[in-house]
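Visitor: I have a structure to go through. Can you walk me through some of its packing and charge pairs?

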Amino acid sequence: MLTRRHIRVKIMQSLYAYFSSKEEDVLLAEKNMLNQFKEVLDLKSVITSLIIEIVSHAEGFLKDLKNKHLPTEDDLNPNRRFINNDVILSILDNNSLVCEAKRFTHIWTNNDHDIVMKLFKNIYQSKLYQIYVNEIDLNIEIDKRFLINALNEYILSHKLVHHILEENSICWIDDLPFVATIVMGEIKADIFTYNNNIFKERSDKKFTLKLFHDTISCSEEYDNVIIQFARDWDLERIALMDQILLKMAFTEILKMEELPVKVSMNEYIEISKYYGTEKSKLFINGLLDNAVKYFKSIGKIKKTGRGLI
């Protein structure tokens with residue numbers, strides 16, 4: 001499920017928590033990290049549960065129209081295109097997916113925000129909704145496009161949704177763009193699955209644990225490398241996040257024989273743009289470049305394949 005980029009980000013967050021707290025129990029830190037990985041899976045179910053709750057509210061809304069004191073013809077025969085959306089029906093027909101999503105229903109229903117009602121009202125009153133429900137063409141591609149647009153424009157971008165996610169997990173807002181991409185990819189493919197394995201391959205979990213543990217165990221060694229190449233900078237003046245990104249890069253370059261050096265360098269330079277300071281990208285780029293040249297000159301980089309150095 002997770003890409004290597006997202007795996008690196010989750011490890012980075014866990015290492016930041018570990019070094020910030022000066023925690024010495026590495027096994028406890030590992031357990032906390034793996035729990036954070038599981039929360040990515042949970043977030044996917046949380047989003048699915050929100051979709052299900054909005055559809056359920058829509059069903060109740062249409063029933064209420066029929067029970068009005070003086071219902072119109074439209075009230076008595078409401079347009080059910082949204083409720084009968086083929087993509088939504090596919091979700092509701094997937095028992096394992098629905099059962100897992102129901103574990104998180106309380107997040108959306110047990111609060112004072114009336115978030116489900118507000119989201120449906122915004123969608124119902126939108127031009128997007130009116131065009132969709134009055135569309136004559138019943139092609140499933142139109143159903144997919146509507147649901148993706150509704151998620152993008154009215155659901156996952158809503159401030160109250162973000163607020164509720166933050167209340168339930170400190171990681172979910174960071175994970176939301178990635179998980180939303182997965183959900184929308186499943187909508188496009190019309191394939192909905194519940195998989196309790198966060199890692200695509202066994203090698204991904206092995207990569208995760210090795211990167212986490214080796215970065216911690218070699219931290220002091222990497223401190224010396226940073227000091228050596230961060231000219232005129234004391235270690236205490238370098239942002240902790242920058243230190244962690246550099247140490248993770250060193251681990252991949254020096255300890256993981258199957259990974260190309262250039263890939264590792266580019267990954268951490270790119271991650272630094274989003275999680276470092278304004279100057280992190282230039283700082284990390286320059287220091288990694290000089291450190292790698294030095295490592296090569298003393299034969300410290302060992303790779304098993306051609307072109308990896």
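**Helix 9 and its surroundings**

Guide: This is a predicted model. The buried residues of helix 9 pack against helix 2 (26-66), helix 4 (86-92), helix 7 (115-124), helix 8 (127-133), helix 10 (159-168) and helix 11 (172-189).

Visitor: Which residues of helix 9 are buried?

Guide: Helix 9 covers residues 140-155, and its buried residues are Ile 142, Asp 143, Lys 144, Phe 146, Leu 147, Ile 148, Ala 150, Leu 151 and Ile 155.

Visitor: What caps the N-terminal end of helix 9?

Guide: Asn 139 does, with a side-chain oxygen 2.7 Å from the backbone nitrogen of Glu 141.

Visitor: And which side chain meets Glu 141 in a salt bridge?

Guide: Lys 144, at 3.1 Å from N to O. Both lie in helix 9, 3 residues apart, about one turn of the helix. Lys 144 counts as buried because its relative accessibility is 9%, under the 20% limit. Glu 141 is partly exposed, at 41%.

Visitor: Switching topic: how many salt bridges are there?

Guide: The count comes to 17. One of them joins Glu 267 and Arg 5, with the closest N and O atoms 2.8 Å apart. Glu 267 lies in helix 15 and Arg 5 in helix 1, so the pair ties together parts 262 residues apart in sequence.

Visitor: Which of Arg 8 and Glu 267 is buried?

Guide: Both are buried. Arg 8 also forms a salt bridge with Glu 267, the closest N and O atoms being 3.3 Å apart.

Visitor: Last one: what is Val 179 in contact with?

Guide: Leaving aside neighbours within four places in sequence, Val 179 contacts Val 40, Leu 43, Lys 44 and Ile 47. Val 179 is in helix 11 and counts as buried, at 0% relative accessibility.

Note on methods: Residues numbered from 1 in each chain as written. Predicted model: local features only at pLDDT ≥ 70, side-chain atom pairs only at ≥ 80, totals over all residues. Heavy atoms only, no water. Buried < 20%, exposed > 50% of the residue type's maximum accessible area, 1.4 Å probe, protein only. Helix = DSSP H or I, 4+ residues; strand = E, 2+ residues; numbered from the N terminus. Contact = heavy atoms within 4.5 Å. Polar contact = N/O pair within 3.5 Å; in protein donor to acceptor, adjacent residues only side chain to side chain. Salt bridge = Lys/Arg side-chain N within 4 Å of Asp/Glu carboxyl O.
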